[in-house]
Each structure stands twice: as C-alpha cells, then as structure tokens.
Amino acid sequence: QMQMTPHEQGQMTNAVDNLHKTLVDSAINQVNQQARDAKANTSSGATSASAVKGGSILMRIAMALGEVMDKKMTEMADKADKIAGLGEITGKNTGEYNQLTSAISALSQEIKIIGEALNNAIKSIGDSASSLARKQ
C-alpha cells in the first residue's frame, strides 16, 4: 500500500476539491446555456423548454457530465501520447515520465468520480421514467 506524505495528501485534497468545483461549474454552465437556448427556441415557436436539448434537468446534467468525461479522457489520451513520445526512459526523462504517469493516475480517478456521478444521474433518470410510467 502506498504511503503519502502530508504534502502529497494536501495536493490530492486540492485536486479533488478542484475537480468537484470543475464538475459543478461545468454542469451549471451547461444547464444555464441550454436554458438560454431553450428560452430562445420557445420564443421562436418551440412548445416547451423541456422539449429542447435533452429534456429534463437530470438529462441535461447527464449530458454535461458526459462532456466533462469526454474532455478528461481526451486529456488522458494526450498524456499517454506524450509518454509514448518519450521513447526509452532514461535519467534525462524520468522526471517527465513520472509526472505524466502521475497525471494519468489522477485523471483516471477524476474519470471514475465523473463516471459515478454520471451513472447516478442516469439511474435517477431511469427511476423517474419508471415511476412516471407506473403512474400512467
């Protein structure tokens, strides 16, 4: 089991806090943009805001989380490409290699967290649809 120094623990805590803020900000921005788009489309003849760009608020959150996950996975692929570009790992590039592998590990944890949030949002959407279907 890996032991972390207090400094590393602090860095990990900051990274998780930053990820949380990024996720929340991104979801809020996405939902707000879609609400603005929906309002514009409603005034131009659409029937309701929920009929535009993904339906319910949960659906829009799921879409926003999916976009965040896609960006994180692209970041991870870019870092993997950089590692591949290093060639043979020697004393000259060991530091960069370690930095890139650490970044990939952190990104994989972020993707895991986003995936869990996305899974929960999708599950909530499914539960809502099931509940609605039973009522009708």
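Visitor: What pattern does the protein follow when read along the sequence?
Guide: The pattern is α-α-α. The secondary structure comes to 3 helices and 0 strands. This is a predicted model, where local features need pLDDT of at least 70, side-chain atom pairs count only at pLDDT 80 or more, and totals for chains, interfaces and linings use all residues. Residues are numbered from 1 along each chain as its sequence is written, and side-chain values use heavy atoms, with hydrogens and water left out.

Visitor: How do you know how the span of H2 compares with the expected one?
Guide: The expected span is 1.5 Å times one less than the number of residues. For H2 that comes to 44 Å. From first C-alpha to last, H2 reaches 44 Å, close to that expectation. Just after H2, Gly87 takes a positive phi of about 75 degrees.

Visitor: Why is Glu110 called buried?
Guide: Buried means under 20% relative accessible area, exposed means over 50%, and partly exposed lies in between (1.4 Å probe, protein chains only). Glu110 has a relative accessible area of 14%. That is under 20%, so Glu110 counts as buried. Glu110 lies in helix H3, residues 94-135.

Visitor: What is Glu110 in contact with, leaving aside its neighbours within four places in sequence?
Guide: Leu19 and Lys72. Contact here means heavy atoms within 4.5 Å.

Visitor: What makes the pair of Glu110 and Lys72 a salt bridge?
Guide: The rule asks for a side-chain nitrogen of Lys or Arg within 4 Å of a carboxyl oxygen of Asp or Glu. In this pair, the closest N and O atoms are 2.9 Å apart. That is within 4 Å, so the pair qualifies. The pair links distant parts of the chain, with Glu110 in helix H3 and Lys72 in helix H2, 38 residues apart. Side chains of opposite charge can pair when their charged atoms come close.

Visitor: How many salt bridges does a search of the whole structure find?
Guide: It finds 2. Lys72 and Glu75 also meet through their side chains, at 3.9 Å from N to O. The cut-off is 4 Å, so this pair counts too. Lys72 and Glu75 are 3 residues apart in helix H2, which means about one helical turn separates them.

Visitor: Are Lys72 and Glu75 buried or partly exposed?
Guide: Lys72 is buried, at 13% relative accessible area. Glu75 is partly exposed, at 34%. Glu110, at 14%, counts as buried. Salt bridges that share partners join Lys72, Glu75 and Glu110 into one network.

Visitor: What makes the set with Leu19 a nonpolar core?
Guide: A nonpolar core is a set of buried Ala, Val, Leu, Ile, Met, Phe, Trp, Tyr and Cys residues joined through side-chain atoms within 4.5 Å. The largest such core has 9 residues: Leu19, Ala62, Leu65, Val68, Met69, Ile111, Ile114, Leu118 and Ala121. H2 and H3 are the elements that give two or more residues to this core. Met69 touches Ile111, Ile114, Gly115 and Leu118, not counting residues up to four places away in sequence. In soluble globular proteins, nonpolar side chains tend to be buried together.

Visitor: Which residues of H2 are buried?
Guide: Arg60, Ala62, Ala64, Leu65, Val68, Met69, Lys72, Ile83 and Leu86. Across the 136 residues of the protein, 20% count as buried.

Visitor: Why is Asn93 called buried?
Guide: Asn93 has 11% relative accessibility, so Asn93 counts as buried. Asn93 lies in the loop between helix H2 (57-86) and H3. Beyond neighbours within four places in sequence, Asn93 is in contact with Leu86 and Glu88.

Visitor: Why is Asp78 called partly exposed?
Guide: Asp78, in helix H2, has a relative accessible area of 42%. That falls between 20% and 50%, so Asp78 is partly exposed.

Visitor: Why is Met12 called partly exposed?
Guide: Met12 has a relative accessible area of 41%, so Met12 is partly exposed. Met12 sits in helix H1, residues 6-43. The C-alpha atoms of Met12 and Ala106 are separated by 8.5 Å, though the two residues are 94 apart along the chain.

Terms used: Helix = DSSP H or I, 4+ residues; strand = E, 2+ residues; numbered from the N terminus.
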